[in-house]
Amino acid sequence: MSQEALPVFFLGVTGYIGESILGRLVKLLPNAHITALIRSESVIPAFKAAGVHEVIHGTHKDLEIITAASRSAELVINTADADDFDLTAAVLAGLKERYQETGRRPVLIHTSGTGILADSAGGVLDPAVAAAPYDDTDEERIMNIPPTAIHRAVDNQIFEADAAGIIDGWIICPPMIFGPSSGPLPRESVLVPHIVKLAMHLKGLFRLGDGTSTWDRAHIQDVLDLYELFISKALNAESRATRSSPYSKFILVSSGKYTHGELMEIIAGVLHKMGTIPSADLKQVTVEEGAAIHPLVPYLGTNSFAVPTKARELGWTPKHLNWRADLEADVERIVQSLSA
């Protein structure tokens, strides 16, 4: 089947990453038939205007519907939920039926995240982690990521289906993403809005430990460039004709690093400048104190080091490298939207 005639099923199309990919996908596969699962009836016209041809009105709990839609697709894109085991099982069940009917391995592009690499350092840089970052060409190490890691249970479902020859399963792992979405509805990233809202509630910000824990980052437009490259690679004739290791299709994303303290300092500085909080000073807190502020706060102080060798080998070159300026613009925009 040619790419131009490709039936596509899209999960998560209304989200931050999903709606941004949609515009790229329409240009990349101009004659593809895109079916999307959308929960909110009110946004359906906007997404049809943006390139969705067929809408299934439902939720991620409509597992039989999701299985049926997956069975009808040669390409499934999931940017919806990296940890929904039942959702992924429903997708894989449909793709297995597709394979049994056609004899072709359908393609799944699944969004996971570099959180799968995170430790529990509590705001402090772990030199051992920094000295041994995960390179996505090291399949042995990727294979041995602990089963208890966040996102891992779902990723393992995909690895197993790929190893069984049922699908070509590509897993893309974005890091902390910044920048505005480029879809039909204004969307923001996940992490920064949460921190802004927390700062507004607390009337200030904090840092865990000494703030040296380090993560990877990437601008949304650079992430979209990478999705385009790997969707094209997943669909090309050579990839479709070749059985490769499931772990060879596990893709890490990073255009640079940032420290936890740096992130909080930038956000606090913008909020103070805007008069949203009384001081830009950061209060140092322990992991236990952070958990008392919000259960997810300790996660802010983890370390996650990724090396995106596969993306680089495919020609991926991030263009949005002035991350401080982009982050400051994000914070300003988020505050303005919350105040509207």
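Predicted model: local features only at pLDDT ≥ 70, side-chain atom pairs only at ≥ 80, totals over all residues.
Me: What is a nonpolar core, and which residues touch the most other members of the largest one here?

Reply: A nonpolar core is a set of buried nonpolar residues joined through side-chain atoms within 4.5 Å. The largest one here has 39 residues, and L75 and I109 touch the most other members.

Me: Which element gives the largest share of this core?

Reply: That is α9, with 9 residues. Elements giving two or more residues also include β1 (7-11), α1 (16-28), β4 (75-78) and β5 (107-111).

Me: Which residues is I109 in contact with, leaving aside its neighbours within four places in sequence?

Reply: Contact means heavy atoms within 4.5 Å. I109 is in contact with L75, V76, I77, N78, W170, I172, Y227, F230, I231 and A234. There is also a second, separate core of 32 residues, and L108, L117, A161 and L252 are among them.

Me: How is the protein chain divided into domains?

Reply: Domain 1 covers 6-120 + 133-177 + 218-252, and domain 2 covers 189-216 + 256-304 + 320-339. Their centres, taken over C-alpha atoms, are separated by 30 Å.

Me: How do I read the interface, and what area is buried between domain 1 and domain 2?

Reply: Look at the accessible area that two parts lose on being put together. Here that is about 1200 Å², with carbon and sulfur atoms giving 62%. In domain 1, D119, M176 and H219 lose the most area to domain 2, together 44% of what that side buries.

Me: How many salt bridges and polar contacts cross the interface?

Reply: The rule finds 0 salt bridges. It finds 5 residue pairs in polar contact.

Technical notes:
Residues numbered from 1 in each chain as written. Heavy atoms only, no water. Buried < 20%, exposed > 50% of the residue type's maximum accessible area, 1.4 Å probe, protein only. Helix = DSSP H or I, 4+ residues; strand = E, 2+ residues; numbered from the N terminus. Domains from an automatic or database assignment. Buried area = accessible area lost by both parts, 1.4 Å probe. Salt bridge = Lys/Arg side-chain N within 4 Å of Asp/Glu carboxyl O. Polar contact = N/O pair within 3.5 Å; in protein donor to acceptor, adjacent residues only side chain to side chain.
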